[in-house]
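Please keep the sequence and the model in view while reading.

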Amino acid sequence: MVAKVALGLAALGAASAQAQGAAPDPHGWLEDVGGDRPLSWVRAHNDVTERELGGAAHEALRARLQTILDAKDRIPYAGKHGDYLYNFWRDAHHVRGIWRRTTLAEYRKEAPAWETVIDLDQLARDEHENWVWAGVSCLEPRGTRCLVSLSRGGGDARVVREFDLEERAFVAGGFALPEAKSSIGWIDRDTLFVATDFGAGSMTSSGYPRIVKEWKRGEPLANARTVFEAQATDLSASAWKDATPGFEREFVSRQIDFYTGELFLRDGGKLAKIDKPLDANAYAVRDQLLVELRSDWAVDGRSWPQGSLLAIDFAGFLRGERNFESLFTPGPTTSLDGVTVTRNALLLTVLDKVKNRVVELRRDGKAWQRREVAAPSIGTLAVSALDDIESDQYFLTVTDFLHPSTLYLGQVGVDARERLKAMPAYFDASPYKVEQFEARSKDGTMVPYFVVMARKARLDGKNPTVLYAYGGFEVSLKPSYSGMIGNAWLDQGGVYVLANIRGGGEFGPRWHQAALKGNRQKAYDDFIAVAQDLIKRKVTSPRHLGIMGGSNGGLLVGAALTQRPDLFNAVVCQVPLLDMRRYHQLLAGASWMGEYGDPDDPKQWEFIGKYSPYHNVFKDKHYPRVLFTTSTRDDRVHPGHARKMAALMQDQGHDVLYWENTEGGHAGAANNAQTARMWALTYTFLLKQLK
């Protein structure tokens, strides 16, 4: 019955499209994000999905998930500015959230006393706006002014307003930008770098600013002085100031595409290009210039492998010296996962077989001193500095699949650390185990993956299993604790699998580049190989195996759906890319051509077209049931991808469900209640299909 209703809805949509005048794509009308007809289509499909997946069990799960999201004993992760630690917090009483602060002494307590700085719920009521918190940037060091970003409904575009920390109020007549995908940063109390929508011709084809200006307090934005202009075909341009006392420097960035760019030092109003490989990331840390390599680099008679972290004296580099030192060199199973800067040290987070360890580097005179930090060897370690200008203290978060995340306060030079906060145990982990396996991909590459399952689970092929992966943009997927997965899936008898396929960054740039552009199929081959390995080990079977992914991961599961529908019985496709013929013409899509290629180039469309899900789903094939979810307010990945794919599959007679949140941006939800609802629908669908 549900399938017949859905088919009827799709037919109505097709009729509407014909009435408007048919386009080459019969479902192209669904790209009109806020149009009356598309939104009517969305509401009708939402009703169908909510009627089927709703009910008492769904409501109980939704309430349980929201309790987890709203829990007051969650870890209040904070960042330091001046004498305070600042935290943004949502719960049942603060639906949109509050920005608040406390001292480190208070933060150490079990129940710190917090001072509210901005109440976003009150602000939204006062201004009759659907405000969603989008971040804050404060004047360093110890400045009392901040730039607060607010989004309408959760999109990437946001308004920016100047805020006074002493008065705890927005500055009347202060710096303010209208809604746009802006980049803005402090130069001093009365001067900003600003890259925003200055009018016609000021944005790139990707929808980001291409012009950077210097904006003085009190002058109209139109009078701001141009600092730099990128090309219209570039990704974006931005600028910032390093405010470290004694090492103040201004930088301008030209981001050519997602992986290549130029960096300039601005001195006396003039720009000097930093001589680095286009695909390398470079930044200053006091008297040093650090360079992270995405490709091999031969310089000064030496060759440095991709994935290396190099350092050199900044002043010497400007004089022409190129005597780099290696601070990190990757190995077959190791990669650099992150660099954290404190007052006197660098903390390198290293991935070793998809598990983290931390290395501390300090410069003693002219030599770097290295030591391994004695930290827990399980799962994932996340490091953040309290204050990179004034302090050598840092936060260390320790997490894995079965142990609640714990936050410690560490100090450079010592291994002893103070346990500050711990997430409560949202489920009993004792019945479960975690194992790491490898699957052999089509070309022989061994692909690691994690399996979380009950210790007593039988290897009989009957375990409901969800396989999750991402496989793009050098993003590494690591073990982490999730009360929602524990409650909604593991405790319902499910098996959770996290795959570290190519396209990600788990083994550095080489792992990512192995699945770029014309090699994209390798990511899908890896994913399929993990699914086959799970079936071979009898962890599950096609009847009980589901797949889930979002954004680029939504493209991944869309490709797997169309290429190997026989392997799965459920697909959850979230905020996805699916129409790869038009992706570069929709919202921020042009910025991802460095990842996927240019579909307007016939040679590149030849390989893109082979996996584009929207172009490879057919009426005469049998597909597993799909739940598409997206957000009307997603201004990064166009909701038209999911809308059109659902409509096409329904026209072809396939059984799919569709649900679109009317706000939430690319995250799919704008508050805890929406997040709980989205995931309750998702897991209800998976349980129904796979048990």
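In the hairpin formed by β7 and β8, four residues stand between the strands, and arginine 168 adopts a positive phi near 50° there. Strands, like helices, are DSSP runs numbered from the N terminus: a strand (E) has at least two residues, and a helix (H or I) at least four. Two strands are said to pair if DSSP finds at least two bridges between them. This is a predicted model, in which local features need pLDDT of at least 70 and side-chain atom pairs count only at pLDDT 80 or more, while totals for chains, interfaces and linings use all residues. Residues are numbered from 1 along each chain as its sequence is written, and side-chain values use heavy atoms, with hydrogens and water left out.

Arginine 168 is not a glycine, yet its phi is positive, at about 50°. The residue belongs to the loop between β7 (158–164) and β8 (169–170). Its relative accessibility of 39% makes arginine 168 partly exposed; buried means under 20% relative accessible area, exposed over 50%, and partly exposed in between, computed with a 1.4 Å probe and protein chains only.

Phenylalanine 163 has phenylalanine 170 in β8 as its bridge partner. β7 also pairs with strand β9 (residues 176–180), in the antiparallel sense and over three bridges; here valine 160 stands opposite leucine 177. With β6, β7 forms an antiparallel pairing over six bridges, in which arginine 145 faces aspartate 164 of β7. The hairpin of β6 and β7 has five residues between its strands, and glycine 153 takes a positive phi near 80° in it. Is β7 itself largely enclosed or open? Five of its seven residues are buried, so β7 is largely enclosed by the rest of the structure.

Glutamate 140 and proline 141 are joined by a cis peptide bond, with omega about -10°. Proline 141 is located in the loop between β5 (131–138) and β6 (145–152). Its C-alpha atom is separated by 8.3 Å from that of proline 245, although the two residues are 104 apart along the chain. Proline 245 sits in the loop between β14 (236–242) and β15 (249–255) and is partly exposed, with a relative accessible area of 45%. Which residues does proline 245 touch, if those up to four places away in sequence are not counted? They are Pro141 and Ile389, where contact means heavy atoms within 4.5 Å.

Strand β26 (residues 355–364) pairs with strand β27 (residues 367–373) in the antiparallel sense, over seven bridges. Within this pair, valine 358 has valine 373 in β27 as its bridge partner. Two residues lie between the strands of the hairpin, in which glycine 365 has a positive phi near 70°.

Phenylalanine 473 is a residue other than glycine with a positive phi, near 55°. It is placed in the loop between β34 (465–468) and α7 (483–488), and its relative accessible area of 13% makes it buried. Serine 591, in the loop between β37 (570–574) and α11 (593–596), is likewise buried, at 4% relative accessibility. Apart from neighbours within four places in sequence, serine 591 is in contact with Ser206, Tyr208, Leu235 and Phe258.

These local features can now be set within the whole. The protein has 14 helices and 39 strands, and 57% of its 691 residues count as buried. Among contacts between residues at least 6 apart in sequence, 56% join residues at least 24 apart. Along the principal axes, the C-alpha atoms fill a box of roughly 70 × 55 × 55 Å.
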